[in-house]
Amino acid sequence: MKVYKPEWQCTFSVNEGAVESANWKERIAWRLREFADRLEGGGRTIKIDCSVSPQVSRDDVDTCLGKGFEVTQRLLTQLAQQQACEDVMRHAKAELYEEQHQH
């Protein structure tokens, strides 16, 4: 009886700049990305490298990335809300946040 064993692999990396081992082409590409970020202002360029075996469709990869960014937005929105609440509390009840000096 033959035993079938599914095999798969997925590597995923996100970079915000050239790694130390980058060749000259990669370094130039990152310089251009940094320049574009400065021109546009307020943006943030990231490079996503994804390798999946067996291969999945580009649409499936794009769908997964989109869902990941949706989760990221929800998490950042939660953090912003928490920070806004803390800022209000620090303003309204500053005495709760004053450091106690022990002598």
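Is Glu16 buried, partly exposed or exposed, and what is its relative accessibility? Please also describe the salt bridge that Glu16 forms with Arg44, and then the other salt bridges.

Reply: This is a predicted model, in which local features need pLDDT of at least 70 and side-chain atom pairs count only at pLDDT 80 or more, while totals for chains, interfaces and linings use all residues. Residues are numbered from 1 along each chain as its sequence is written, and side-chain values use heavy atoms, with hydrogens and water left out.

Glu16 counts as partly exposed, at 48% relative accessibility. In this classification, buried means under 20% relative accessible area, exposed means over 50%, and partly exposed lies in between (1.4 Å probe, protein chains only). The partner of Glu16 in a salt bridge is Arg44, and the closest N and O atoms are 2.5 Å apart. The pair links distant parts of the chain, for Glu16 is in the loop between β1 and α1, Arg44 is in the loop between α1 and β2, and 28 residues separate them. Helices (H or I, at least four residues) and strands (E, at least two) are DSSP runs, numbered from the N terminus. Arg44 is exposed, with a relative accessible area of 65%.

A salt bridge here requires a side-chain nitrogen of Lys or Arg within 4 Å of a carboxyl oxygen of Asp or Glu. By this rule the count comes to four salt bridges. One of them joins Asp49 to Lys47, with the closest N and O atoms 3.2 Å apart. Asp49 is partly exposed at 33% relative accessibility, and Lys47 is likewise partly exposed at 29%. Another joins Arg90 to Glu86, with 2.9 Å between the closest N and O atoms. Both of these residues lie in helix α2, four residues apart, which is about one turn of the helix. Arg90 has a relative accessible area of 40% and is partly exposed; Glu86 is partly exposed too, with 30%.

A charge also lies over an aromatic ring: Arg33 is over the face of Trp30, at 4.5 Å from the ring centre. This term applies if NZ of Lys or CZ of Arg is within 6 Å of the ring centre and within 35 degrees of the ring normal.

Finally, the backbone has a cis peptide bond between Ser53 and Pro54, with omega about 0°. Pro54 lies in the loop between β2 (47–53) and α2 (58–92).
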